[in-house]
Amino acid sequence: MRNLKRTLSLALAAVMLMGMMVVGAGAASSDFTDADEIKNVEAVDVMVALGILEGGDKGDFQPNSILTREQAAKIICYMLLGEEAAEKLATSGAVFTDVAADRWSAPFIGYCVNLGILAGDGQGHFFPEGKLTGAAFAKMLLVALGYDPKIENYTGNSWTINVAADAIEAGISPKGLVLTNELSRQDAAQMAFQALTANMVKYDNKGIDIDFGNGGGSVNMGASNAEPVANDKSDDYRVVSADRDEYQQFCEKYFSDLKLDTGDVRDDFGAPATKWTYDGDTVGTYATKAAVKTYVEGFDADELKDLKDDDYDFSKATVYVNGSKDASLNADKLAAREYVGTVIEMYANGDKAKEITHIVVKQGYLAQVTDLDDESVSLDIYNPWDKSTATNVTFDDDTKKNNDTFDKLSAKYEEDDYLIVYTKGAVVDAAVLAIADVETVSGKVATTKITAADGYNGYFTIDGTKYTLASGYTEATVIKAGSEYDFYLDENGFVIGAETVKEASATIDEVYYVDKVWDEVSKVSGANVTTYYAQLVALDGTISQIELENVDKATGTGTYLTNFDGKLVTISDKKWTDNAKETHKSGDDKFDLTVWAPNTEETWDLYDNVTFNAKLEKTSTRISTSAKTFRLNADTKYVFVEGTTNKLDTSVYTGGVAYDTSKATKSFVITEDGSAVAKYIIIVTNNADQAQTFSDDAIFIAKASTEMGDGYRVQTVYYADGKKDTMNVAEGQYPLTAGFYTYDTDEDGYYVLDDANKMTVTTGFVWDDEEGVIANATIGKDALFENLLTVTVDGKKVEDIEVAEAAFVDTHDTDAGYSKTVSSLESLTNLVNDEKVGAVTLSLNVSKDGAVIIVVTDIAAK
């Protein structure tokens with residue numbers, strides 16, 4: 001059983017620790033918005049630090065997108081020339097028919113062709129956007145290393161086999177990569193990274209090339225073998241002298257300031273590591289080997305004895321706790337603690353697999369965000385070995401850095417959120433090494449087996465599932481059978497904290513806005529009888545009318561007419577007796593109103609009669625009042641109550657609105673208890689029309705101009721009516737990507753650009769007056785139906801956009817597949833019905849009346 005537990009523990013740690021975000025990780029990869037998709041972190045960090053690779057204009061790296069031929073040409077130029085020199089490359093004319101002289105990649109393609117690194121198809125075509133395989137990129141890298149493509153037979157039917165063999169021998173083929181497959185950006189980064197440390201080669205004799213003529217090919221004869229280029233050890237990129245050799249590696253020739261230190265280097269947690277530096281600045285620190293043993297439970301005295309009986313030697317082991325060396329600890333003392341949920345990694349001497357040199361302890365603490373603003377974030381951090389109460393720690397924003405602890409925390413968490421923090425030396429107020437999400441499990445505890453004699457240890461069950469307490473469980477919440485809790489689990493599935501679930505007195509679904517209370521007087525047996533009614537608006541926008549009890553329960557009199565109009569209330573139909581001893585029955589569809597006052601409860605906070613200091617925009621992330629600033633996110637709901645009585649109308653939006661708040665007659669903000677995040681914003685108004693968010697003065701740029709002026713470029717643009725023109729765009733605006741822009745002029749009279757407003761597409765929906773730019777959408781065969789167009793954006797459909805009045809612009813390459821031009825709705829209809837056409841990509845600028853302009857950017861043939 002012990003061996004089984006050991007195996008499970010190791011597997012759990014290997015899988016679950018992937019969820020940890022290391023705050024001190026290589027800055028380049030962790031800065032990208034899609035950092036969690038990057039597996040080749042070290043390669044990406046180094047290549048970005050050298051300026052060879054960069055992210056997109058949206059802050060992402062797109063690690064899994066496929067490398068194109070022209071992108072590969074740019075990478076090679078940057079590797080051979082450096083970023084500055086590569087950007088100065090120019091071309092005097094078109095090298096290929098499908099590579100115009102002003103195409104962004106033309107200089108890079110021309111340079112690589114001149115060096116024999118790249119070639120066309122022999123018919124004048126290069127196919128710049130063609131997808132690249134690993135073998136094709138390996139060939140480019142090998143030629144950059146000095147291998148001669150003719151001598152090494154990198155042409156002809158066997159070129160792939162020859163390239164693969166040399167790539168493996170040269171050490172530039174990543175383990176497990178199939179070279180014949182298309183190559184992703186991050187795998188290209190890995191190959192280029194490995195090429196940095198590969199040997200440069202030369203030939204003492206390049207022999208002679210014999211051309212058989214008439215298309216019969218050629219052969220090289222008499223060439224010597226490729227030999228490594230000699231180099232002085234003093235010029236080696238490796239810091240440790242014992243690691244150096246007498247050959248020249250690629251980085252030593254082209255990036256002499258790149259250095260690798262494999263000496264006494266450890267990662268943030270103390271594991272053996274290596275460190276890359278460039279021009280004196282640290283690029284990143286990276287673990288060099290896997291632990292020989294990993295535990296998240298089960299490392300106790302019996303386990304240690306088994307290891308020693310198996311000839312494991314701990315006499316030279318140094319213990320690191322969250323990156324700090326702890327001379328007071330050794331293997332025996334760690335085993336005596338019988339940690340549960342604490343990761344313990346053991347690293348061995350490279351030559352002696354059972355001689356343990358490092359023991360790394362990774363101890364996380366439960367933390368909760370208590371305060372968050374633009375300048376700092378505060379956490380309550382619980383260290384159960386220190387005290388049962390939390391320590392509040394504040395992390396200020398270091399404005400000189402864009403990836404500090406504040407940035408990491410504020411980007412991922414909100415006030416009241418729980419998380420796991422790993423601090424230097426496991427000291428709560430020390431530097432944060434890493435953060436991780438908690439998993440929340442809620443339910444009523446059925447059984448417990450918990451001891452509190454030496455810490456709070458044991459387990460409990462919920463619905464038949466067993467949950468084990470971590471050694472780091474905060475004892476602030478005592479667990480009892482029959483009670484309901486929210487439990488917080490660490491990355492390895494152990495319970496590290498809990499909160500008792502408190503029953504709310506009223507759910508948010510039971511809250512209504514009172515538009516109007518009125519009475520109607522009728523004669524019953526000759527006497528006047530007053531009946532009260534209320535018109536209510538639920539927070540989902542539903543309008544309803546209800547009959548009220550004849551006496552206000554709160555006052556004991558019929559004072560409904562002055563107490564409830566314009567307020568948020570809850571309603572009930574329960575039995576009660578008034579001051580006149582009259583019993584009001586339950587279930588008689590006559591309701592009582594109670595003004596909603598949640599601020600005394602730990603559920604919701606209400607801010608009523610607020611006045612906003614600014615307009616709401618669809619992209620707004622915060623809105624201020626005189627008393628408080630509220631955060632807005634994709635879950636914020638906006639409830640508009642327009643008009644009153646028989647002219648009452650409502651509308652509800654989620655995630656963002658564009659609205660002039662000065663038109664509101666009354667506004668409410670509802671947040672969760674103690675939070676600054678607005679869950680509901682209720683706006684009462686006589687005019688709920690949203691502000692236009694489509695940019696009516698937007699232009700479309702198909703590609704960046706290379707026609708230079710004095711401080712500007714002559715840029716071709718397309719206006720909203722589809723007309724083509726040019727404007728002088730300030731040089732500082734470049735580089736530019738294709739898309740819609742708004743424009744203004746600077747002090748020199750040149751145009752400056754800004755991204756046009758984008759339509760928010762977080763989920764699929766049927767278009768209903770939504771406005772803004774939709775970029776890089778695709779359409780299929782059934783995209784058009786009676787002037788209504790359906791497009792797909794990042795897998796989400798926007799259906800039935802009105803396109804009858806749209807202007808059309810076609811910027812796709814007519815030489816690459818579909819030769820016709822799409823200039824009207826009719827030609828678009830013909831296009832989508834053409835069986836020979838594959839994916840069609842287009843961009844639109846949409847007003848509330850429909851698409852104003854549609855730009856066809858790419859048409860793929862089947």
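Visitor: Which residues of helix H6 (residues 106-114) are buried?

Guide: Ala-106, Pro-107, Phe-108, Ile-109, Gly-110 and Cys-112 are. Buried means under 20% relative accessible area, with a 1.4 Å probe and protein chains only. This is a predicted model, where local features need pLDDT of at least 70, side-chain atom pairs count only at pLDDT 80 or more, and totals for chains, interfaces and linings use all residues. Residues are numbered from 1 along each chain as its sequence is written, and side-chain values use heavy atoms, leaving out hydrogens and water.

Visitor: What makes H6 a helix, and what covers its buried residues?

Guide: Helices are DSSP runs of H or I with at least four residues; strands are runs of E with at least two; both are numbered from the N terminus. The cover of H6 includes helix H4 (69-81) and helix H5 (83-87). Just after H6, Gly-116 takes a positive phi of about 80°.

Visitor: Why is Glu-375 called exposed?

Guide: Its relative accessible area is 62%. Exposed means over 50%, so Glu-375 qualifies. Glu-375 lies in the loop between strand E14 (365-372) and strand E15 (376-382).

Visitor: What makes the patch of negative charge that holds Glu-375?

Guide: Asp-371, Asp-373, Glu-375 and Asp-396 gather there on the surface. Asp and Glu count as negative, Lys and Arg as positive; His and the chain ends are not counted. Patch residues have over 30% relative accessible area and no salt bridge, and like charges are joined within 9 Å. A salt bridge is a side-chain nitrogen of Lys or Arg within 4 Å of a carboxyl oxygen of Asp or Glu. A charge is placed at NZ of Lys, CZ of Arg, CG of Asp or CD of Glu.

Visitor: Why is Val-219 called partly exposed?

Guide: Val-219 has 32% relative accessibility. Val-219 sits in strand E4 (residues 218-223). With Ile-208 and Met-221, Val-219 forms a nonpolar surface patch of about 260 Å² accessible area together. Nonpolar side chains (Val, Leu, Ile, Met, Phe, Trp, Tyr) are joined within 5 Å. The areas come from the Shrake-Rupley method with a 1.4 Å probe; for residues, only the protein chains shown count as cover.

Visitor: Why does Val-178 count as partly exposed?

Guide: Val-178 has 44% relative accessibility, so it falls in that middle range. Its place is in the loop between helix H8 (159-170) and helix H9 (185-196).

Visitor: How many residues of the whole chain count as buried?

Guide: Of 862 residues, 45% do. The chain has 15 helices and 51 strands.

Technical notes. Contact means heavy atoms within 4.5 Å.
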